[in-house]
Amino acid sequence: MGRAGESMAYNVQQFFLQKRGVGYVAPILCTMRGLGESDIEQAVVFHKRISDEIGDADFFAEENTIAESIMGEGVVVGVFAEGKLIALRAVSYVKEFVDDAVVDLDLDPGEANHVAVMDFCVTDSSFRGNSIQFFTYLFTESQMYPNRYHLHTTVSPKNIFSLTNVLKCGFSAIKFKQKYGGHHRFVLYKNLRKPGAVKTRGHKEILLRNYDYHPKVFADGFVGYKIKHKSNGMAMLYGKPLEEVPSKV
Ligand SMILES: CC(C)(COP(=O)(O)OP(=O)(O)OC[C@H]1O[C@@H](n2cnc3c(N)ncnc32)[C@H](O)[C@@H]1OP(=O)(O)O)[C@@H](O)C(=O)NCCC(=O)NCCS
């Protein structure tokens, strides 16, 4: 596989997204492309701005491997509007992240070269609501497949927007644990070689704030597949994985 910047340089897409400015909303022409070496500085500054705005390590980890990913150990895609970055997504193949993912996913260490870690996705607040997390994921999926097919990510149970989007991208929640110095995280997995079906009939609905209960549901063989807004809070929907996609409706 070529260096991220080189292999994706010609894969440029243009579209309009809705910007929610102060007192107005307007369609703005945007460009999406893979990032190269000359974009590193701008990407690092943009990521830092958004993580500073969030300012809560329990919710969003500031650590990243932007430079390494752009230089070939991953994939980084950016969306530009009005001459600047408005969204950034990074996928990492850096050994430290991959080794951690192999443990989380209970994989054979021999599979490490096929693991990709969804490092992060950040959107400028004035462009949220355009499903950027979803479509930038689809863009990177086509860069990862077929070589990287064990996809790993972790999301805080407090980050409802991200959890909703990651599940929409076809990941399943498979564990609930404390990571990165005690922060609670769902571990989510998608296998591009064997996309997993989940049985929705007879599902369970567990409130996200019930931290003690999620590990028990996973221990009973369920996986999380959707976030639902309930009158008493947000819940994870759980179902049993199916070996095969049912052929009848
Ligand atoms: C998570 C994130 C990337 C989602 O961005 P996105 O794909 O552009 O957002 P979506 O299109 O899914 O938004 C859906 C709805 O939720 C709202 N929304 C999304 N993120 C929101 C947030 N952080 N705060 C408040 N509302 C938010 C949107 O305004 C939209 O509302 P609408 O349906 O009324 O239009 C973005 O919220 C973000 O950058 N968050 C900070 C970083 C982060 O947590 N990243 C994820 C972990 S790596």
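This is a short exchange on how the labels for this predicted model follow from their definitions.

Reader: What should I know about the model and its numbering?
Author: The model is predicted: local features need pLDDT of at least 70, side-chain atom pairs count only at pLDDT 80 or more, and totals for chains, interfaces and linings use all residues. Residues are numbered from 1 along each chain as its sequence is written.

Reader: How many helices and strands does the protein chain have, and what makes a run count as one?
Author: The protein chain has seven helices and 13 strands. Helices are DSSP runs of H or I with at least four residues, strands are E runs of at least two, and both are numbered from the N terminus.

Reader: Why is the protein chain called as compact as a globular protein of its length?
Author: Its radius of gyration is 18 Å, and the globule rule gives 18 Å for 249 residues, so the protein chain is as compact as a globular protein of that length. The radius is taken over C-alpha atoms, and the rule is 2.2 Å times the number of residues to the power 0.38. Along the principal axes, the C-alpha trace spans about 50 × 50 × 45 Å.

Reader: What share of contacts in the protein chain joins residues at least 24 apart?
Author: The share is 66%, among contacts between residues at least 6 apart in sequence. Two residues are in contact if their C-beta atoms, placed from the backbone, lie within 7 Å.

Reader: What makes Glu 82 exposed?
Author: Glu 82 has 9 C-beta neighbours inside 10 Å, so it counts as exposed. The cut-offs refer to other C-beta atoms within 10 Å of a residue's own: 20 or more is buried, 12 or fewer is exposed, and in between is partly exposed, with C-beta atoms placed from the backbone. Glu 82 lies in the loop between β3 (74–81) and β4. Its phi is positive, about 50 degrees, although Glu 82 is not a glycine.

Reader: How do you know whether Asp 106 is buried or exposed?
Author: Asp 106 has 9 other C-beta atoms within 10 Å, so it is exposed. Asp 106 sits in the loop between α4 and β5. It is not a glycine, yet its phi is positive, about 55 degrees.

Reader: Why is Glu 205 called exposed, and what does it touch?
Author: Because Glu 205 has 11 other C-beta atoms within 10 Å, it is exposed. Glu 205 belongs to strand β10 (residues 204–207). Leaving out residues up to four places away in sequence, Glu 205 touches Lys 228, Lys 230, Ala 235 and Leu 237.

Reader: How do you know that the span of α5 agrees with its length?
Author: At 1.5 Å a residue, the 13 residues of α5 should span 18 Å, and its end C-alpha atoms are 18 Å apart, so the two agree. The expected span is 1.5 Å times one less than the number of residues.

Reader: Why are the buried residues of α5 said to line one face?
Author: The buried residues of α5 are Ile 132, Gln 133, Thr 136, Tyr 137, Thr 140, Gln 143 and Met 144. Down the axis of α5 they fall within an arc of 125 degrees, so they line one face of the helix. The arc is that of the directions from the helix axis to the C-beta atoms. Leu 138 and Ser 142 are exposed on the other side of α5.

Reader: What makes α4 a helix with one buried face?
Author: Phe 97, Val 98, Ala 101 and Asp 104 are buried in α4 (residues 95–104). Their arc is within 115 degrees, so these buried residues line one face of the helix. They pack against β4 (84–92), β5, β6 (150–155), β7 (172–179) and β8 (183–191). The face turned away carries exposed Lys 95, Glu 96 and Val 103.

Reader: Which residues of α6 are buried, and why do they count as one face?
Author: Leu 163, Val 166 and Leu 167 are the buried residues of α6. They fall within an arc of 95 degrees, so they line one face of the helix. They pack against β6, β8 and β11 (223–230).

Reader: What makes a residue part of the shell around the ligand, and how many are there?
Author: A residue is near the molecule if its C-beta atom, placed from the backbone, lies within 6 Å of it. Around the ligand there are 17 residues, and the closest are Phe 120, Gly 129, Gln 133, Phe 161 and Ser 162. The elements giving two or more residues are α2 (40–54), β5 (115–123), α5 (132–144) and α6 (160–168). The largest share, four residues, comes from β5.
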